[in-house]
Amino acid sequence: MIQDDQVNEEAAVLLPTAQKVDEWATYSRRLLEQNDKDAIAVMKYLQEERGLNLNTIAFFGVGIKDERFFDKEHNNFVIENCVTFPWLVDYGQEPLSKNRLIRMKLRSIKNKKNMRLDAKGGPWGFFGLSAHKLIQPDVKFVILTEGEYDAMAIYQATGYPAISLPNGASSLHHSLV
């Protein structure tokens, strides 16, 4: 658990603005409300391709964003539907609103290689950490997975707390240890 007084000045500078956090929050609402064809397509992908149910998707705060990527094969930019994975930091035993959204990972549903972190240069975090409120005395273990989909699938199948490395197996940033 990070205490407010432990956040150094360098990390505080990198934290996103309140406006950015509000923008990120709309991604989850857009997916859950499924009020456009892209949100419906992403929800279909998550449920049919990834086998995730609506409760798991909502529990982890997953969302949707249309993002621009460069297509090297055609030498132009393309817009792709992306799943958003929020990284939150737990600032104590307060309600979820006390958790701070520090960064968002975006991953295309069309091309696995098309992913990015928003905001660039921001702090590192685990996906799913605050969803579980893992800083509880009775938690005996936490399952650490390579990817976000793995963490959600394990939680959905077992009910065990599962979190994901920030960016795959080779990405355990020293600030998370």
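Gln 34 lies in the loop between helix H2 (18-33) and H3. Gln 34 has a positive phi of about 45 degrees, although it is not a glycine.

- Asn 75 is found in the loop between S1 and S2.
- Asn 75 is not a glycine, yet its phi is positive, at about 55 degrees.
- Asn 75 is exposed, with a relative accessible area of 60%.

**Overall layout**

- The protein has six helices and six strands.
- From the N terminus on, the elements run α-α-α-α-β-β-β-β-α-β-α-β.
- The protein has 177 residues, and 41% of them count as buried.
- Take the contacts with a separation of 6 or more: residues 24 or more positions apart account for 53% of them.
- The accessible surface of the protein comes to about 10,200 Å². Carbon and sulfur atoms hold 51% of that surface.

- The mean pLDDT of the protein is 81. A value of 70 or more is reached by 81% of the residues.
- Over residues 1-13 the pLDDT is below 50. Beyond near neighbours in sequence, this stretch has 14 contacts in the model.
- Over residues 94-98 the pLDDT also stays under 50. Here the model has four contacts beyond four places in sequence.
- Where pLDDT is low, the predicted coordinates should not be read in detail.

**A strand hairpin**

- S3 and strand S4 (residues 115-118) run antiparallel, and four bridges join them.
- Six residues lie between S3 and S4 in this hairpin.
- Leu 106 stands opposite Arg 116 in S4.

**Helix H6 and its buried face**

- Helix H6 covers residues 148-158, and its buried residues are Glu 148, Tyr 149, Ala 151 and Met 152.
- Seen down the axis of H6, these buried residues fall within an arc of 160 degrees, so they line one face of the helix.
- An α-helix has 3.6 residues a turn, so residues three or four places apart point the same way.
- Just after H6, Gly 159 takes a positive phi of about 80 degrees.

**Leu 46, a buried residue in H3**

- Leu 46 is found in helix H3.
- Leu 46 is buried, with a relative accessible area of 0%.
- Leaving out residues up to four places away in sequence, Leu 46 touches Leu 31, Gly 51, Leu 52, Ile 57, Val 62, Val 83 and Tyr 149.
- Leu 46 and Tyr 149 are 103 residues apart in sequence. In space they are 9.0 Å apart, C-alpha to C-alpha.

**Aromatic pairs**

- A search of the whole structure finds 10 aromatic pairs.
- A pair of aromatic rings is described by the distance of the centres and the angle of the planes.
- Phe 60 and Tyr 155 form an edge-to-face pair: 5.7 Å centre to centre, with 80 degrees between the planes.
- This pair links distant parts of the chain, 95 residues apart. Phe 60 sits in the loop between H4 and strand S1 (63-71), and Tyr 155 sits in helix H6.
- Phe 60 is buried, with a relative accessible area of 4%. Tyr 155 is partly exposed, with a relative accessible area of 22%.
- The rings of Phe 85 and Phe 127 have centres 5.4 Å apart and planes at 85 degrees, so this pair is edge-to-face.
- The pair of Phe 85 and Phe 127 also links distant parts of the chain, 42 residues apart. Phe 85 is in strand S2, and Phe 127 is in the loop between S4 and helix H5 (129-132).
- Phe 85 counts as buried at 0% relative accessibility. Phe 127 counts as buried at 0% relative accessibility too.
- Ring pairs link Tyr 45, Phe 59, Phe 60, Phe 85, Phe 127, Tyr 149 and Tyr 155 into a cluster.

How values were computed: Residues are numbered from 1 along each chain as its sequence is written. This is a predicted model: local features need pLDDT of at least 70, side-chain atom pairs count only at pLDDT 80 or more; totals for chains, interfaces and linings use all residues. Side-chain values use heavy atoms; hydrogens and water are left out. Buried means under 20% relative accessible area, exposed over 50%, partly exposed in between (1.4 Å probe, protein chains only). Helices (H or I, at least four residues) and strands (E, at least two) are DSSP runs, numbered from the N terminus. The arc is that of the directions from the helix axis to the C-beta atoms. pLDDT is the predictor's confidence in each residue, from 0 to 100. Contact means heavy atoms within 4.5 Å. Accessible areas come from the Shrake-Rupley method with a 1.4 Å probe; for residues, only the protein chains shown count as cover. Two strands pair if DSSP finds at least two bridges between them. Rings of Phe, Tyr and Trp (its six-membered ring) pair if their centres lie within 6.5 Å; planes under 30 degrees apart count as stacked, over 60 as edge-to-face and the rest as tilted.
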